[in-house]
Amino acid sequence: DGFNEFNDALSKGVALQWPELVTQLCNRVDAPFANGKRDSPGSAAIEELNFWRTLDAKILEATAEFASLYVQVILAVLQQRKAVLIHTVDKFKDSFSKARETTQDVLVSFMKDLPVEQISNQSSLEGLKSIVHELFGKINKRIRNARYYKLERVIEFVSSLDQAISLQLTSILKDLQPMSLSFEEFVKVDELCRAIVRRRA
């Protein structure tokens with residue numbers, strides 16, 4: 001009858017698809033590090049930052065949807081028909097909770113307020129030096145506090161930052177044309193470049 005057809009549809013749409021979708025979403029915390037865009041060298045660090053922001057938002061949205069009355073009613077019907085077992089529902093909740101804990105740890109304990117997106121906006125060596133000092137000052141303090149941001153991923157993130165900084169430094173020096181500067185100006189530029197490189201080391 002109509003009720004059985006409704007239940008069959010729920011079973012196919014929820015009992016079979018939801019576990020797979022929940023697993024796929026929550027497993028994104030182990031996705032490979034971004035390679036950066038081919039037409040935008042040095043963009044990998046920004047992509048990594050945006051990856052965690054987007055994933056956190058999606059997990060939060062999915063968690064809220066899962067807790068909605070509509071979904072809970074569907075699950076209650078399915079549990080009555082034993083299409084979805086209670087331990088499966090609990091597993092959903094546990095998966096969401098662990099994934100959100102990971103994204104929040106990365107975003108709050110490690111990446112909060114890192115001026116990654118400001119690197120490419122710097123047009124002077126002084127500005128770039130200030131950003132680099134702030135950036136690596138925060139990273140050095142936080143690297144041990146992030147419980148779920150894996151060390152190998154931290155290394156890749158720092159490497160991508162180095163690439164972005166090097167590209168911006170090259171761009172600034174190209175505009176300055178150091179060989180056309182006076183000796184005093186050249187010495188100042190050299191000191192600023194050394195300060196930027198030392199802070200990254």
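These are my entries, topic by topic.

**Ground rules**

I am working with a predicted model, in which local features need pLDDT of at least 70, side-chain atom pairs count only at pLDDT 80 or more, and totals for chains, interfaces and linings use all residues. Residues are numbered from 1 along each chain as its sequence is written, and side-chain values use heavy atoms, with hydrogens and water left out.

**Confidence**

I looked up pLDDT, the predictor's confidence in each residue, from 0 to 100. The protein averages 84, and 82% of the residues score at least 70.

**Aromatic rings**

I went for the rings next. Rings of Phe, Tyr and Trp (its six-membered ring) pair if their centres lie within 6.5 Å; planes under 30 degrees apart count as stacked, over 60 as edge-to-face, and the rest as tilted. I found 4 aromatic pairs in the structure. In one of them, Phe 110 and Tyr 149 sit 5.0 Å centre to centre with 45 degrees between the planes, a tilted pair. This pair links distant parts of the chain: Phe 110 is in helix H4 (residues 86–110), Tyr 149 is in the loop between helix H5 (125–142) and H6, and they are 39 residues apart.

Are these two residues buried or exposed? I used these cut-offs: buried means under 20% relative accessible area, exposed over 50%, and partly exposed in between (1.4 Å probe, protein chains only). Phe 110 has a relative accessible area of 0%, so it is buried. Tyr 149 is buried too, at 5%.

Phe 110 also pairs with Phe 157. Why is that pair edge-to-face? Because the ring centres of Phe 110 and Phe 157 are 6.0 Å apart and their planes are at 65 degrees. Phe 110 in helix H4 and Phe 157 in helix H6 are 47 residues apart, so I wrote down another link between distant parts of the chain. Both Phe 110 and Phe 157 are buried. Ring pairs join Phe 51, Trp 52, Phe 110, Tyr 149 and Phe 157 into a cluster.

I checked Ser 160, which is in helix H6 (residues 151–176). Ser 160 has a relative accessible area of 5%, so it is buried. What does Ser 160 touch, not counting residues up to four places away in sequence? I listed Phe 33, Gly 42, Ala 44 and Ala 45, where contact means heavy atoms within 4.5 Å.

Ile 155 is in helix H6 as well. With 53% relative accessibility, Ile 155 counts as exposed. Ile 155 makes a nonpolar surface patch of about 280 Å² together with Ile 143 and Leu 151. Accessible areas come from the Shrake-Rupley method with a 1.4 Å probe; for residues, only the protein chains shown count as cover.

**Salt bridges**

A salt bridge is a side-chain nitrogen of Lys or Arg within 4 Å of a carboxyl oxygen of Asp or Glu. I found 9 of them in the structure.

- Lys 150 and Asp 30 meet at 3.2 Å, N to O. Lys 150 is in the loop between H5 and H6, Asp 30 is in the loop between H1 and helix H2 (44–66), and 120 residues separate them. Lys 150 is partly exposed at 45%, and so is Asp 30 at 48%.
- Arg 53 and Glu 117 meet at 3.2 Å, N to O. Arg 53 is in helix H2, Glu 117 is in the loop between H4 and H5, and they are 64 residues apart.
- Lys 138 and Glu 134 meet at 3.1 Å, N to O. They are 4 residues apart in helix H5, so about one helical turn separates them.

**Positive phi**

Asp 113 is not a glycine, yet I read a positive phi of about 65 degrees. Asp 113 lies in the loop between H4 and H5, and counts as exposed at 51% relative accessibility.

How values were computed: Helices (H or I, at least four residues) and strands (E, at least two) are DSSP runs, numbered from the N terminus. Patches are made of residues with over 30% relative accessible area and no salt bridge: like charges are joined within 9 Å, nonpolar side chains (Val, Leu, Ile, Met, Phe, Trp, Tyr) within 5 Å.
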